[in-house]
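Here is a short briefing to read alongside the model. Please keep the viewer open and follow each topic in turn.

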Amino acid sequence: MPSHPTVLLTGASGVVGSALLPQLSDCHTIALTHRTAVAGADEQLAGDLTAPGLGLDAGTYLSLAARVDVIVHCAAITGFSSGPEATHALNEAGTRQIVRFAADADAVLYHVSTAFVDRTDLTRAQLGQDHGDATARPEDYLDSKRAGEDVVRSSGVPAVIIRPSVVIGDAVTGEISAFQGMHGIIHGLLRGLLPLVPVPAESPIDFIPQDVVAATIAGLIRREQREGDVWVTAGASALSTQRALQIIGATADELGIAAARPRMVGPEMVDRLIRPVFIANLHPRARRRFDDMLAMTALFAHGHVFPTSLGRLPGVPAAPNGSELEDALRASVAYMARAKGMVRRVAAPVLAGEQVPA
């Protein structure tokens, strides 16, 4: 690999891609875009991951293949409500197109998957639990990401599979290109729309700041890693559900947001008592919101601690400790609350390192 490799980046406008671009200043980056232009790439090229030849004409495809040394494949449908067809079209079939290009370019592929491929047995469908009115179907997403990994592993191209846990905003500023996943739960908590959380108090909530994910990928490229699975997770440092809720509540207080503290209950109680007695008679929109939360939180309710590769590979950051994760969560909550216009008065700044009572 040359000292200043040419990197083809998919998903450059997404959470991981946008955080990664500044980390690749010593590379020549080409962003393969579909609908959204991006800032920070050296070049942009319009294409389509779901089309043969990446949606490029033959000449452009061959010229690109002759130049590219590294591919970072971040593009994916990460939401849980897009349906199996659309989700597999990008996350599996799109990965197949990228793998073919990697073979034609003789390039190393860094494929961004998810740590939650390790929890496909914890979806409500797998647990035999009713979906209710949920539009969120994590099993579609997880099945597509597992299938994408299978495509990469069976391809024979030199490839590293990168598995981040829940990606939140920048560790210091909380800034993120798009709110997703955990931000939706945080927003519901700040608005008082989630009076209970169906996750045991001590269950680990594994999240990782976007800049840590980006620094890991950049480090892998620089050390020229060509194979293996890399877990970008908090691992044993992950906050418990109870601690994460304390941080969210304390940050809301500091921002002058009157957010009621939710009650933590076991998911078994929800299905046996709360859902049939209290939720069944709610307005359909409120019922759907609750069932979507059940679908998403099922992945955490009985989740084990993820493995982590952070700090165990040269050039890769160390895993954040508990205090650093608390600061990062505080920053993400504050950034989202301000972006959503939820801060109604001038509040004391949320400072890194402030102590929140347990």
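The notes below cover aromatic rings, a helix pair and one isoleucine.

Bear in mind that this is a predicted model. It holds 5 aromatic pairs, and ring pairs join Phe116, Trp231, Phe300 and Phe306 into a cluster. Elsewhere, helices α5 and α10 pack with their axes 11 Å apart.

**Aromatic rings**

- A pair of aromatic rings is described by the distance of the centres and the angle of the planes.
- For phenylalanine 116 and phenylalanine 300, the ring centres lie 5.4 Å apart and the planes meet at 70 degrees, so this pair is edge-to-face.
- Like phenylalanine 116, phenylalanine 306 is buried.

**A charge over a ring**

- What sits over the ring of phenylalanine 306? The charged end of arginine 119 does, 4.1 Å from the ring centre.

**Helices α5 and α10**

- Two packed helices are described by the angle between their axes and the distance between the axes.
- Helix α5 (residues 182-190) packs against α10 at an angle of about 70 degrees, with the axes 11 Å apart.
- The two helices α5 and α10 are therefore roughly perpendicular to each other, as angles of 65 to 115 degrees are counted that way.
- The crossing in which α5 passes α10 is right-handed.
- On the α5 side, the contact involves Met182, His183, Ile186, His187 and Leu190. Their counterparts in α10 are Leu329, Ser332, Val333, Met336 and Ala337.

**Isoleucine 221**

- You will find isoleucine 221 in helix α6 (residues 210-222).
- Is isoleucine 221 buried or exposed? Its relative accessibility is 3%, so isoleucine 221 counts as buried, the cut-off being under 20%.
- Isoleucine 221 and tyrosine 110 are 111 residues apart along the chain, and their C-alpha atoms are separated by 8.3 Å.

Definitions and conventions: Residues are numbered from 1 along each chain as its sequence is written. This is a predicted model: local features need pLDDT of at least 70, side-chain atom pairs count only at pLDDT 80 or more; totals for chains, interfaces and linings use all residues. Side-chain values use heavy atoms; hydrogens and water are left out. Helices (H or I, at least four residues) and strands (E, at least two) are DSSP runs, numbered from the N terminus. Buried means under 20% relative accessible area, exposed over 50%, partly exposed in between (1.4 Å probe, protein chains only). Rings of Phe, Tyr and Trp (its six-membered ring) pair if their centres lie within 6.5 Å; planes under 30 degrees apart count as stacked, over 60 as edge-to-face and the rest as tilted. A charge sits over a ring if NZ of Lys or CZ of Arg is within 6 Å of the ring centre and within 35 degrees of the ring normal. Axes are lines fitted to C-alpha atoms, for helices over the stretch in contact, and angles run from 0 to 180 degrees between N-to-C directions. Angles under 35 degrees count as roughly parallel, over 145 as roughly antiparallel, 65 to 115 as roughly perpendicular and the rest as oblique. A crossing is left-handed if the near helix is turned anticlockwise from the far one by less than a right angle, and right-handed if clockwise. Contact means heavy atoms within 4.5 Å.
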